[in-house]
Amino acid sequence: MERRVLIYNVKIVSSGQTPFMGRVLIEGNFIKAVEPDVTDTNVEAHLKINGNGALLLPGGIDEHVHFREPGMTSKATMASESRAAIEGGVTSWIDMPNTIPPTTSTALLDEKILIARQSSPANYGFYIGATSSNLEELAKSNYSHIAGIKLFIGATTGSLVLDDDEALDRLFSTAPSIIAVHAEDNAIIEANKQRLLKEYGDNDDLPIAMHPDVRSREACVTATRRAINLALKHNTRLHLMHISTADELELLKSLPADARITAETCPQYLLFSSDDYRRLGARIKCNPAIKEESDRLALIEAVRSGLIDTIATDHAPHLLSDKQGGALKAASGMPLIQFAMPLMLDIFGPEIVAEKMAAAPAKILNIKRRGLIAPGYYADLALFEPVQSAYTITDGDVVSKCRWTPVNGMKCRHRVMMTMVNGIIVKSLINGIDKETAKTNLLEYDN
């Protein structure tokens with residue numbers, strides 16, 4: 001008999017069903033049964049785990065991370081950041097192509113897969129990046145093991161910018177998979193930068209609080225509208241990443257019912273506003289920039305209403321030494337994967353978190369047998385304990401290689417007690433339950 005694990009006396013939260021107290025039986029890598037029985041009786045199992053009434057959610061699927069390997073391993077590695085993911089209840093991650101070298105071919109993607117296979121305690125996946133010179137390869141690649149095509153309409157690391165009209169039209173007309181887009185308009189950003197430098201002196205930097213003036217809402221809206229129009233023209237599957245403005249939500253509201261367009265936002269846009277630059281400085285500098293309080297509140301409501309489909313972290317570690325300087329010099333990006341699910345539980349509750357951070361990413365990217373607590377699905381699970389007294393997150397808690405977090409000092413009311421990947425316990429704070437070594441998988445897709 002394959003190894004059996006029973007998790008009982010837990011509140012089971014999975015998309016498409018009302019949360020209920022029950023138990024989950026795991027056999028090997030997969031969920032065998034989900035039952036409304038809180039006891040451990042009449043079940044044969046090698047290991048029985050009493051959840052003591054805690055929340056059992058599908059493990060998070062973070063469909064937007066920058067784990068920096070290869071090329072920037074002083075900041076992060078797949079090993080270090082996937083451990084941070086596990087600490088936060090995230091059991092699968094999908095990495096972006098703006099590494100060194102950029103992941104713009106299947107051969108380079110295979111090299112990253114090999115690194116992940118050897119080092120990641122969580123399941124892993126990768127996007128392939130679009131450039132003006134690799135469109136033919138993108139069109140004929142096999143997407144059963146590739147999450148999709150990442151398109152940068154806006155400045156980023158290296159050569160991964162594609163904003164030529166003819167090339168964009170060709171990409172959207174030939175893409176055999178979903179296109180995940182970073183949408184900011186380069187021309188608007190550059191014009192803003194030059195205008196602000198002229199207005200505020202002739203030095204080569206600007207105060208950090210001016211970051212949303214440089215990478216403005218107009219830059220986001222213009223590029224997002226451009227991507228939407230291309231997707232509608234060619235009936236392309238499009239995933240709009242890190243929506244940061246209320247204005248972009250208006251574009252989503254006006255989409256036709258049959259549009260194949262989905263949208264993501266990130267914890268930083270739900271937790272912070274431009275008022276926080278004064279307090280946190282470059283720790284919250286990211287691209288797109290964090291905007292105003294009215295944007296934050298509109299995004300929270302859009303998550304609740306279903307206008308926003310997914311929450312992903314855009315986890316992008318830098319050393320604190322890289323975060324020195326102002327709006328033009330400090331590096332953009334922050335580490336969030338370790339604390340995203342607990343903090344989102346505080347804001348939205350378990351049903352929305354299970355939907356936006358597990359089920360919806362799996363559905364949008366057509367990930368096979370993950371994202372739900374259901375028979376036949378991989379046993380990727382996270383047990384969250386609602387704590388009676390909120391605890392304080394500190395930089396000292398950080399597992400990521402950079403050893404800091406923008407949520408340092410923030411209170412949290414949910415703690416990850418256990419994380420399971422493919423039926424193997426890879427994190428445990430439960431007395432008598434030890435951590436094990438998982439055999440992790442490259443994510444598979446029905447593309």
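Mentor: Two strands pair if DSSP finds at least two bridges between them, where strands (E, at least two residues) and helices (H or I, at least four residues) are DSSP runs, numbered from the N terminus. What we have is a predicted model, in which local features need pLDDT of at least 70 and side-chain atom pairs count only at pLDDT 80 or more, while totals for chains, interfaces and linings use all residues. Residues are numbered from 1 along each chain as its sequence is written, and side-chain values use heavy atoms, with hydrogens and water left out.

Trainee: Let me begin with β1, then: which strand pairs with β1 in the antiparallel sense?

Mentor: Strand β1 (residues 4-12) pairs in the parallel sense with β4 (residues 47-50) over 4 bridges, and also in the parallel sense with β5 (residues 55-58) over 2 bridges. Arginine 4, on the other hand, has glutamate 27 as its bridge partner in β2. The antiparallel pairing, which extends over 7 bridges, is made with β2.

Trainee: How many of the 9 residues of β1 are buried?

Mentor: A residue is called buried under 20% relative accessible area, exposed over 50% and partly exposed in between, using a 1.4 Å probe and protein chains only. By that criterion strand β1 is mostly covered, and the number of its buried residues is 7.

Trainee: Is asparagine 52 buried or exposed?

Mentor: Asparagine 52 lies in the loop between β4 and β5, and its phi is near 50 degrees, a positive value in a residue other than glycine. With a relative accessible area of 61%, asparagine 52 is exposed.

Trainee: Turning to the open sheet, which strands stand at its edges?

Mentor: The sheet has 8 strands in the order β6-β7-β8-β9-β10-β11-β12-β13, with parallel pairing. Two of these strands have a single partner each, so one side of each is left without a neighbour in the sheet, and they are β6 (60-65) and β13 (310-311).

Trainee: Which residue in β7 stands opposite glycine 60?

Mentor: All 6 of the 6 residues of β6 are buried, so this strand is largely enclosed by the rest of the structure. Strand β6 runs parallel to β7 (residues 90-95) and is joined to it by 4 bridges. Opposite glycine 60 stands valine 90.

Trainee: And which residue in β13 stands opposite threonine 265?

Mentor: Strand β12 (residues 261-265) and β13 run parallel and are joined by 2 bridges. The residue opposite threonine 265 is isoleucine 311.

Trainee: In which loop is the place of proline 288?

Mentor: A cis peptide bond links asparagine 287 to proline 288, with omega about -5 degrees. Another cis bond runs from glutamate 69 to proline 70, with omega near 5 degrees, and proline 70 is in the loop between β6 and α1 (78-87). Proline 288, for its part, is in the loop between α10 (277-280) and α11.

Trainee: Which residues of α8 are buried?

Mentor: What covers them includes α7, β11 (238-240), β12 and α11 (293-305). In helix α8 (residues 246-253) the buried residues are Glu248, Leu249, Leu251 and Leu252. They cover an arc of only 155 degrees around the axis, taken from the directions of the C-beta atoms, which puts them on the same side of α8.

Trainee: At what angle do α8 and α11 pack?

Mentor: Contact means heavy atoms within 4.5 Å, and in this sense Ala246, Asp247 and Leu249 in α8 meet Asp295, Ala298, Leu299 and Ala302 in α11. By class, that contact has 5 nonpolar, no polar and 2 charged residues. Axes are lines fitted to C-alpha atoms, for helices over the stretch in contact, and angles run from 0 to 180 degrees between N-to-C directions. The two axes are 9 Å apart, and the angle is about 35 degrees.

Technical notes. Nonpolar A, V, L, I, M, F, W, Y, C, P; charged D, E, K, R; others polar.
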